[in-house]
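Work through the exercises below with the sequence and the 3D structure side by side, and try each task before reading its solution.

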Amino acid sequence: MTLTPCQISNFGLSGVMNDSEVRELLQKLPPIHVANPPLHSISYVDKVYYTQPGHRRFPPELVWGECNIVSEQRVGVVTLFRQQEQGNNDVYDFEFTIYHEIGHTVFELILGSNQKIEWYSLCGEEIARWNPAGGNPLEHFCDSYAHYMVSNEMEKRSFSSEYEFMKKYVFNIGGIQ
Ligand SMILES: [Zn+2]
């Protein structure tokens, strides 16, 4: 089966990486995570974007990225936004956000229902320790997905349950059904 790579656009405007550097980041992931489908595209929009009134994060915070799942086509559309008013200067945060948003597509469109159930039960034990302010299991999945890609060995040890889950079910393509 031939996989079609997802579209990548406008990252040259970010000031921290261009489209081909994003392509290189994506090539570190299992090909099925970044093929179209399920990942339609990933693009950069050079504007600051705040959470809107009524959002769980209030007062408004900068939104670094989003992933819209288009349910009819079963694809994810990822957009990254400018991370600071004055522009982008943190490559680590930028890479982390790219992986986090791809994680949303992976959770929604690739992860099997048994794995989702297992993730939710793992979160019941782990999320309070990880994010005492209260996060949700879906965002925690995406953060863990990104950490798996960008963290050093010491950081990986501090989230060993999540790391094992990622290794076993998410980054091992054969383990996903
Ligand atoms: Zn998210």
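H3 and H5 are oblique to each other, where angles under 35 degrees count as roughly parallel, over 145 as roughly antiparallel, 65 to 115 as roughly perpendicular and the rest as oblique. This is a predicted model, in which local features need pLDDT of at least 70, side-chain atom pairs count only at pLDDT 80 or more, and totals for chains, interfaces and linings use all residues. Residues are numbered from 1 along each chain as its sequence is written.

**Exercise 1. Describe how helix H3 packs against helix H5**.

Step 1. Two packed helices are described by the angle between their axes and the distance between the axes. Axes are lines fitted to C-alpha atoms, for helices over the stretch in contact, and angles run from 0 to 180 degrees between N-to-C directions. Helices (H or I, at least four residues) and strands (E, at least two) are DSSP runs, numbered from the N terminus.

Step 2. For H3 (residues 91-109) and H5 (residues 137-150), the axes come within 8 Å and cross at roughly 125°.

Step 3. On the H3 side they include Tyr92, Phe96 and Phe107, and on the H5 side they include Leu138, Phe141 and Met149. By class, this contact of H3 with H5 has twelve nonpolar, three polar and two charged residues, where Ala, Val, Leu, Ile, Met, Phe, Trp, Tyr, Cys and Pro count as nonpolar, Asp, Glu, Lys and Arg as charged, and the others, Gly among them, as polar.

**Exercise 2. Describe how H5 packs against helix H7**.

Step 1. H5 and H7 (residues 160-170) have axes 10 Å apart and pack at an angle of about 85°, so they are roughly perpendicular to each other.

Step 2. From H5, the residues Ser144, Tyr145 and Tyr148 meet Glu162, Tyr163, Met166 and Val170 of H7. By class, the contact of H5 with H7 has five nonpolar, one polar and one charged residues.

**Exercise 3. Work out how the strands are arranged in the open sheet**.

Step 1. The open sheet has four strands in the order E1-E2-E4-E3, with mixed pairing, and two strands pair if DSSP finds at least two bridges between them. Its edge strands are E1 (7-9) and E3, each of which pairs on one side only.

Step 2. E1 and E2 pair in the parallel sense over three bridges, and Ile8 stands opposite Ile42 in E2.

Step 3. E3 (residues 65-70) and E4 (residues 75-81), by contrast, run antiparallel and are joined by six bridges, with Glu66 having Thr79 in E4 as its bridge partner. E3 and E4 form a hairpin with four residues between them, and in the turn Arg74 has a positive phi of about 55°.

**Exercise 4. Is Lys47 buried or exposed, and which residues does Lys47 contact?**

Step 1. Find Lys47 in the loop between E2 (39-45) and E3.

Step 2. A residue is buried if 20 or more other C-beta atoms lie within 10 Å of its own, exposed if 12 or fewer, and partly exposed in between, with C-beta atoms placed from the backbone. Lys47 has 7 other C-beta atoms within 10 Å, and Lys47 is therefore exposed.

Step 3. Leaving aside its neighbours within four places in sequence, Lys47 is in contact with Phe81 and Arg82. Lys47 and Gly87 are 40 residues apart in sequence, while their C-alpha atoms are 8.8 Å apart in space.

Notes: Two residues are in contact if their C-beta atoms, placed from the backbone, lie within 7 Å.
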